[in-house]
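Open the model in a viewer and keep the sequence panel beside it. The stops below go from selection to selection.

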Amino acid sequence: MYKFLLIEDSEDDAALFQDTVKRLNIEAKVETYQLCIAKTYSEGIEMIGSGFDGVIIDIRLDDGHSGNEIIREIMQKYRLPVAIFTGTPDTEQKDGSPILVYKKGEAEHKDILSNLCKVSETGLFNVLGGTGILEKVMNQIFWKNLYPQIGLWTGKKAQGIETEKLLLRYTVSHIQELIDSETPAYVTEEMYIKPPIINTIKTGAIYQSPEAGIYCIVLSPPCDLVVHNGVVKTNRILVCEIDNHDVVNKEIADKASRRDKKKENIQNAIKNNYSDYYHWLPKNSLFCGGYINFRNVMTYPIDQFIDEYGQPIAKIQEYFVKSILNRFSSYYARQGQPDFDFKVETKRIVNEICPAESVS
């Protein structure tokens, strides 16, 4: 059952919404929705944190209060789906906001509920909600791993080491370790962090040149990008160009005539088995995708790079960055052998191990 909170000072509007919920429950022959109603701003603020699957908010509330105030409160303290149901256009939500605005008299109550349910069903709020999976995981890590080691960290603190950020990073590594054993295969969107959390130059950050339009990825080793006293350790940024996703795929497919062979070629390419110098970046709703071309390496002085590329548009998740760096390093570390006359050598070996008289 989904439990929603409606913050609405109009008794008529609240009653209509409640009637819709009752009708939907009767039609479903099971209590699918529960709608709690806060009639005032104060009641809404008090009830927000009571474990709802979503909140529906009117903008104009009692005593001159605005639903925008409640939304700001939610965004600062809570993580739960929100919808605006209003007769006025004065919301603070900008284009692209995940908070949908429904206009009274036009939107259907059932559609608002249905969309909130779809958001809830993604599991995002189970993971990040106040009582979600992440909360439980952090509790587990706190009591089993980190708190028992508190002597280690008080010792570090006594040495003058700033332990708070270290513990944040250490906690994240524990969470990753724990959930890696429990979750299914990745979906391609997980490869990207968009927009990037940090806009400084990082290994795995993806940039697009505003003028040339080309995409590239930073592959400087992380240790080179460490900042000391405001200065990056290296004086040049190493990047690889990202070739167009569709163009490369077509070239790869066109190298075969049969459809099954084309499919095999593409599958090898996206598994990074087609060539040593291409690394596939998936095409999805977060990034246009492409193939990192290890052969097309460029370096820039830091200032020139920032002038030419500006801010990163996305960042590859660390788990995938390691894989890319490993393949990039292997590509340039490989050492082929001298070019012998392999036909002659092959013939000699075959003659030795399979004399002509023994060949059937």
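Select Arg-258 first: its relative accessible area of 53% makes this residue exposed, where exposed means over 50%, buried under 20% and partly exposed in between, with a 1.4 Å probe and protein chains only. The side chains of Arg-258 and Asp-260 form a salt bridge at 3.1 Å, N to O; the term stands for a side-chain nitrogen of Lys or Arg within 4 Å of a carboxyl oxygen of Asp or Glu.

This is a predicted model, in which local features need pLDDT of at least 70 and side-chain atom pairs count only at pLDDT 80 or more, while totals for chains, interfaces and linings use all residues. Residues are numbered from 1 along each chain as its sequence is written, and side-chain values use heavy atoms, with hydrogens and water left out.

How many salt bridges does a search of the whole structure find? The search finds 15.

Go to helix H9 (residues 245-254), which holds both Lys-250 and Asp-254, four residues apart, or about one turn of the helix. Helices here are DSSP runs of H or I with at least four residues, strands are runs of E with at least two, and both are numbered from the N terminus. The side chains of Lys-250 and Asp-254 meet at 2.8 Å, N to O, in a salt bridge. Lys-250 is exposed at 53% relative accessibility, and Asp-254 is partly exposed at 46%.

Next, select Lys-315 and Glu-318, whose side chains form a salt bridge at 2.7 Å, N to O. Is Lys-315 buried or exposed? Lys-315 counts as buried, because its relative accessibility is 12%. Glu-318 is partly exposed, with a relative accessible area of 44%.

Then select Glu-8, Asp-13, Asp-58 and Lys-104 together: salt bridges link these residues in a network.

**The sheet**

Show the strands as a cartoon. Five of them make an open sheet with parallel pairing, in the order E2-E1-E3-E4-E5; two strands pair if DSSP finds at least two bridges between them. Strand E2 (33-38) and strand E5 (100-103) are at the edges with a single partner strand each, so one side of each has no neighbour in the sheet. On average, neighbouring strands of this sheet are turned by 25° against each other, direction ignored; the axes are lines fitted to C-alpha atoms, for helices over the stretch in contact, and angles run from 0 to 180 degrees between N-to-C directions.

Select strand E1 (residues 2-7) and strand E3 (residues 54-57), a parallel pair with four bridges. Ile-7 has Ile-57 in E3 as its bridge partner. E3 is also joined to E4, again in parallel, by three bridges, and Val-55 has Val-82 in E4 as its bridge partner.

Stay on strand E4 (residues 82-86), where five of five residues are buried. Val-82, Ile-84 and Thr-86 point one way from E4, and Ala-83 and Phe-85 point the other way.

**Between the helices**

Select Tyr-147, in the loop between helix H6 (133-146) and helix H7 (150-158). Tyr-147 is partly exposed, at 41% relative accessibility.

**Domains**

To finish, colour domain 1 (2-128), domain 2 (133-180) and domain 3 (192-333) separately; the bounds come from an automatic or database domain assignment. The C-alpha centres of domain 1 and domain 3 are 42 Å apart.
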